[in-house]
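Visitor: I would like to learn how to read the features of this model. Where do we begin?
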Amino acid sequence: MKPIGYWLNRTDKALTCHMNAMLAEFGLTRTAWQVLNVIEKDPQTTDTEVLTVLAANADIGTLTTAIETVMADGWIARPEPGRLALTGDGRARLSDVAERVHAFRDLSTTGITREEYRITVAVLERMTHNLENRTLSSPKPQPS
């Protein structure tokens, strides 16, 4: 059996590749779609909040480019300096995208029960917390 890191990397690549292909007809990438979702959830969001929320998903340069791209494509606007909001057109288009994302999620979880999915997410969450909360100092040698 391959280790969990192998499957995490391979799954993330598969999710990104398939989602990018599916979102291409809307002029989006997975990262751009994630940016739009953060903005949709908080109509008063800022660039800094988007970068913070999505820090685990992409680096600052990739996220900044995604913000600029969706702004140039009319998905979002700046209602005031430093703030980001969906445009009316962006909100309508995002609704269309949601239907495709729902179908994508159904495809990616084919043959997986809700309980299996819940357990998988819970285990990954615990593993992440175990590693993020551990100090990076070397373990002290045990006396013989």
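Guide: With pockets. A pocket is an open set of grid points with protein on both sides within 12 Å along at least five of seven lines. Keep in mind that this is a predicted model. Rolling a probe the size of a water molecule over the atoms shows where empty space is left.

Visitor: How much space lies in the largest pocket here?

Guide: About 1,700 Å³. The lining has 35 residues, and those closest to the pocket centre are T11, L15, R30, Y117 and V121.

Visitor: Which elements give two or more residues to that lining?

Guide: Four helices do: α1 (4-23), α2 (30-41), α5 (88-108) and α6 (114-132). The largest share comes from α6, with 12 residues.

Visitor: Let us step back to the whole chain. How many helices and strands does the chain have?

Guide: Six helices and two strands. Read from the N terminus, the order is α-α-α-α-β-β-α-α. The radius of gyration is 19 Å, whereas the globule rule gives 15 Å for 144 residues, so the chain is more spread out than a compact globule.

Visitor: What box do the C-alpha atoms fill?

Guide: Roughly 70 × 40 × 25 Å, taken along the principal axes. As for burial, 25% of the 144 residues are buried.

Visitor: Now single residues. Is L63 buried or exposed?

Guide: The cut-off comes first: buried means under 20% relative accessible area. L63 has 1% relative accessibility, so L63 counts as buried. This residue sits in helix α4 (residues 60-72).

Visitor: Next, aromatic rings. How is a pair of them described?

Guide: A pair of aromatic rings is described by the distance of the centres and the angle of the planes. Here the count comes to one aromatic pair. The partners are Y6 and W7, at 4.9 Å centre to centre with 85° between the planes. Planes over 60 degrees apart count as edge-to-face, and the Y6 and W7 pair is edge-to-face.

Visitor: What is the relative accessible area of Y6, and of W7?

Guide: Y6 has 31% and is partly exposed. W7 has 40% and is partly exposed as well.

Visitor: Which residue lies over the face of Y6?

Guide: K2 does, at 5.0 Å from the ring centre. W75 has a charge over its face too: R93 lies there, at 3.9 Å from the ring centre.

Key. Residues numbered from 1 in each chain as written. Predicted model: local features only at pLDDT ≥ 70, side-chain atom pairs only at ≥ 80, totals over all residues. Heavy atoms only, no water. 1 Å grid on protein atoms, 1.4 Å probe; cavity = no way out; pocket = protein on both sides within 12 Å on 5 of 7 lines; lining within 4 Å. Points joined across faces, edges and corners; volume = space filled by probe spheres on them. Phe/Tyr/Trp six-rings, centres within 6.5 Å; stacked < 30°, edge-to-face > 60°. Buried < 20%, exposed > 50% of the residue type's maximum accessible area, 1.4 Å probe, protein only. Lys NZ or Arg CZ within 6 Å of the ring centre and 35° of its normal. Rg over C-alpha atoms; globule rule 2.2 N^0.38 Å.
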